[in-house]
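Okay, thanks for making time, everyone.

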Amino acid sequence: MKKKLVAMLALTMAATLAFTGCGKKEDGKTADGKTKVRFASWDTAEDADAQQAMVDKFNEQHDDIEVVLEAYGGEFDTKIAAGMGAKDTPDVMYMWNYPAYAGGLEPLDSYMEEEGEGYKDNFYETLWDYNSLDGKVYGIPIGFTTHALFYNKDIFAEAGIDEPTNDWTWDDVKEAAKAIESKTGKKGFSFQMKPDPYDYEMYLWSNDAAYCDEEGNLDGNLNSDKSKEVFQMFQDMAKEGYAVATEKSGTDEFRAGSTGMYVYGSWSINSFNEDGLNYGVVDIPAFKGASHDSVSILSSSGISMSADSKNKEAAWEFIKFWTSEEMNKERIGRELPVLKTVVETEGIMEQPEYVAFYTMLEQSSGYTPASFIIDTWSELSSDLSLSFERVYNPSALEDVSAVLDEAAAK
Amino acid sequence: MKMSKTSKVIIYILLGIMAVYFLSPFVYMFFTAFKTEAEAIAYPPKLFPAKWLFENFANAWNSQPFGTYLVNSLLVTIGTTVGQVISCSLVAYGFARFNFKGKNVMFMILLSTMMIPWDVTMIPQYMEFQMFGWINTLKPLIVPAWFGSAYYIFLMRQFLMGVPKDFEEAARIDGANAFQIYWKIFMPILKPSLILVGVLNMISVWNDYLGPLIFLQDRSKYTLALGLAQFKGVHETQIIPMLCVTIIMIVPPIIIFIIAQKYIVEGTSGSIK
Amino acid sequence: MKQKRFLKTATPYFFVLPWIIGFLVFTIGPLIFSLIMSFFDWPLIGSPEFVGFGNYIEMFTKDEQFKKSLVISLKYAAIFVPLNMIIALFLAMLITQPVKGVRVFRTIYYIPTVISGVAVSILWGWILNGDYGVLNYLLSLIGIDGPKWLVDPAWAIVAVIIASAFGVGSMMLIFYTDIKNIPIDVYEAANLDGATPARQFFSITLPIITPTILFNLITSIISSFQQVTLVMLLTGGGPLKSTYFYGLMTYNNAFKHHKLGYASANAWVMFIIILILTALVFKSSSAWVFYETEAGGAKQKKGGKK
């Protein structure tokens with residue numbers, strides 16, 4: 001009797017499996033025999049429609065390829081991680097975190113060579129640093145942002161002081177912030193209480209320091225005097241009361257007119273313009289003792305191909321389309337163009353809110369983020385994040401030197 | 001049951017306090033949905049919008065193919081709810097009203113399946129569904145529900161355990177078989193808890209975005225909850241459309257709840273009322 | 001006759017068959033797979049490497065965060081589970097009161113449960129923001145200098161508990177359904193005996209609903225250990241990792257650090273802990289949970305359904 005039961009169970013299971021297995025389709029083809037290319041993007045709802053229109057355009061131009069857009073928004077990383085873990089990665093995908101994913105991506109150097117010399121040169125050089133790993137290119141740039149200093153013109157007028165310029169140092173920022181605080185009661189400057197360690201390294205670079213050396217040693221770098229100086233400066237600004245450490249990026253506070261200045265990427269420019277905010281953008285202030293102008297981190301967006309893709313030819317065809325001049329122009333307003341020719345012909349440099357980001361881009365070549373050097377960056381990053389919080393969280397405000405020494409010793 | 005005036009007053013006061021607590025974030029959310037984004041983040045905050053932007057809702061709804069998402073959400077929600085109610089009541093009945101070999105071990109295994117977080121079974125599950133050819137279809141979201149979920153089985157079992165043992169004796173003497181007893185005698189008296197399982201499942205499926213995120217690919221397959229999550233980007237969040245769609249999404253579950261609570265009360269022959 | 005006996009033995013299995021099939025087809029494979037993964041160094045990309053108990057040893061000997069997160073989750077469970085159950089039961093009692101308009105209140109209490117989590121957590125971030133938040137603004141109007149909810153580690157866990165208490169609606173509904181199913185004549189008899197409402201609650205209502213109390217207890221222990229979404233969106237595990245729950249740690253190990261093997265080991269340790277807690281609860285339940293199906297003279301009469 002027991003046997004019967006077992007046999008019955010086995011039969012049912014087999015039936016279920018058979019039933020479910022029959023829905024399987026041949027990989028990489030659509031129903032009408034076109035080559036199917038899956039394209040995953042992280043754009044949010046607002047941009048996804050525009051993207052869909054561009055994808056449709058590509059599909060119209062190609063009889064044999066059908067690109068399907070998959071928009072995952074802020075959950076992009078979870079989805080890509082799950083896909084890669086299960087060996088079902090989209091053929092083409094947006095990419096920024098090359099150190100984490102490069103193993104699953106196709107090197108694109110040989111594809112680019114076929115396009116001729118000029119192809120690569122038309123992109124801003126610095127961008128390639130951020131889209132490569134160990135000398136191989138894994139993504140073609142489609143957009144980027146550097147960071148810059150945003151300031152609220154109305155608040156500066158109210159305080160009756162001069163607006164920031166490109167050659168400001170942090171001392172000037174402090175003076176202005178003090179003046180704003182005393183005359184308007186608003187905070188003069190804001191910075192993040194829990195900055196992303198990836199972004200934050202730009203301040204160290206600007207002051208002739210870095211998290212680590214080329215071998216990835218933290219000790220003597222993260223806790224060097226030059227590095228400590230940076231942390232101390234921000235902590236002092238908050239302690240002295242004219243600056244505030246914000247819980248999130250500081251964008252909400254800046255938009256609401258609660259703070260006079262902050263450093264951030266170009267992500268919020270559209271929102272500021274919609275609000276009618278009266279603001280200006282200049283280069284990141286320099287450190288007085290530093291040997292050079294300030295440097296910015298790059299948040300770069302690239303487009304990559306999966307190493308497992310079965311339709312690499314078609315995928316490259318689409319990547320070419322997506323990184324073309326035409327598409328760079330289409331994306332203006334959502335992404336800063338990455339092609340020199342497009343920046344020139346579209347007169348991007350004449351728009352005051354964008355100039356600083358390109359100046360910062362040109363000033364920032366030759367720096368390698370620690371995430372590209374240290375294999376265990378992801379874990380180090382969360383340790384660093386905790387250390388930074390200990391320095392900046394108003395309920396901690398621990399001693400900079402001690403915290404950094406401890407972090408470097410790990 | 002009769003009630004004195006003072007105890008009525010006390011009850012109303014308590015009801016009122018709790019209502020304020022539960023409603024205030026929602027009220028704030030509701031008014032914010034009509035504001036511009038600049039107004040929403042303004043400080044000091046204001047409750048009412050300067051101008052009621054009713055078009056926010058239409059704009060939000062039209063910013064993505066939400067009509068398609070709605071259809072998908074309905075398919076998944078209805079598909080799973082029917083499946084859960086049928087399968088869970090059957091399985092729970094088996095666990096609660098019979099003694100059989102291996103019952104306790106099986107029940108422990110059933111409970112155990114709730115204790116492993118989804119994060120680590122998700123990738124193998126993905127591979128399995130891929131093998132079935134189910135990725136980018138609604139099947140991974142619907143089909144498993146037809147085989148019961150531990151949470152609802154456990155819940156139904158608790159209700160079934162509360163029914164006295166001699167309950168089915170009479171029917172058994174009349175010659176009814178086990179399925180007839182289950183169907184004709186237990187289902188009617190269990191109506192409230194069946195509805196409860198339905199309501200609970202409906203809401204969790206309606207709002208689930210992780211499952212759809214992982215198993216779906218094309219936008220034509222997305223559900224409302226996944227569409228909603230699209231408003232949150234890596235750096236920026238489109239908060240106003242997000243709130244609008246959230247509010248729209250509350251409506252169907254609330255309507256279902258209002259209908260369902262009537263049945264939860266009426267299901268039993270002898271309720272407090 | 002033989003066939004009849006077979007039918008009788010097999011009947012219960014027919015009822016539980018859907019679950020058995022589902023378990024075999026959908027559940028057991030991934031479960032075993034994750035257990036196997038926990039003995040490997042399993043990166044997202046590249047080939048896995050067998051490490052034996054390496055992940056488990058690392059967890060208990062090297063990983064300080066493991067212990068810290070475990071303590072945070074235990075603490076959270078110790079506050080959240082009883083608090084939520086008391087609130088749920090209190091609300092369930094309130095909404096069973098025969099007063100006018102009670103239906104409206106029922107719906108109101110249920111609304112927060114229905115609202116999708118993503119938008120709500122952003123809203124909570126605004127409400128609880130220390131410097132520019134709505135709550136502290138309101139408090140400042142009445143002269144109170146509110147705490148920095150999401151910045152001060154001492155308050156952040158309170159903030160998480162406040163926010164998660166809004167999801168009490170499901171538990172409330174479960175209690176409510178159960179209470180509503182208690183036959184009225186049970187109370188009528190008690191009324192005649194002159195029992196006070198409090199007395200009725202403790203000697204009639206509470207014993208009858210013990211099966212659902214057990215259910216809510218176990219499921220909320222499980223969910224409090226698996227709490228991820230809310231803390232991820234609301235606090236991100238901060239400030240100063242004070243809300244870095246065990247579930248969040250597991251999630252981050254898998255999806256941020258891409259250490260799938262280690263995350264699986266995290267999950268299986270969590271499994272053992274929850275299993276032990278559940279077993280203890282079950283063991284104790286024979287003392288305080290009353291099932292009608294079990295031979296229990298006095299209670300059976302009281303709760304008996306007609």
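So, Phe175(C): leaving out residues up to four places away in sequence, it touches Ala88(C), Leu89(C), Ala92(C), Ile209(C) and Thr212(C), where touching means C-beta atoms, placed from the backbone, within 7 Å. Before I go on, this is a predicted model, with local features needing pLDDT of at least 70, side-chain atom pairs counting only at pLDDT 80 or more, and totals for chains, interfaces and linings using all residues. Residues are numbered from 1 along each chain as its sequence is written, and chains are lettered from A and ligands numbered from 1 in the order in which they are written.

Which residues touch the most other members of the largest nonpolar core? Phe175(C) is one of them, along with Met172(C), Ile153(B), Ala148(A) and Phe150(A), in a core of 285 residues. By core I mean buried Ala, Val, Leu, Ile, Met, Phe, Trp, Tyr and Cys joined through C-beta atoms within 7 Å, and buried means 20 or more other C-beta atoms within 10 Å of a residue's own.

Chain A has 410 residues, 48% of them buried. Its contacts at a separation of 6 or more come 73% from residues 24 or more positions apart.

Now B against C: 89 residues of chain B meet 84 of chain C.

Note on methods. Buried ≥ 20, exposed ≤ 12 C-beta atoms within 10 Å, placed from the backbone. Contact = placed C-beta atoms within 7 Å.
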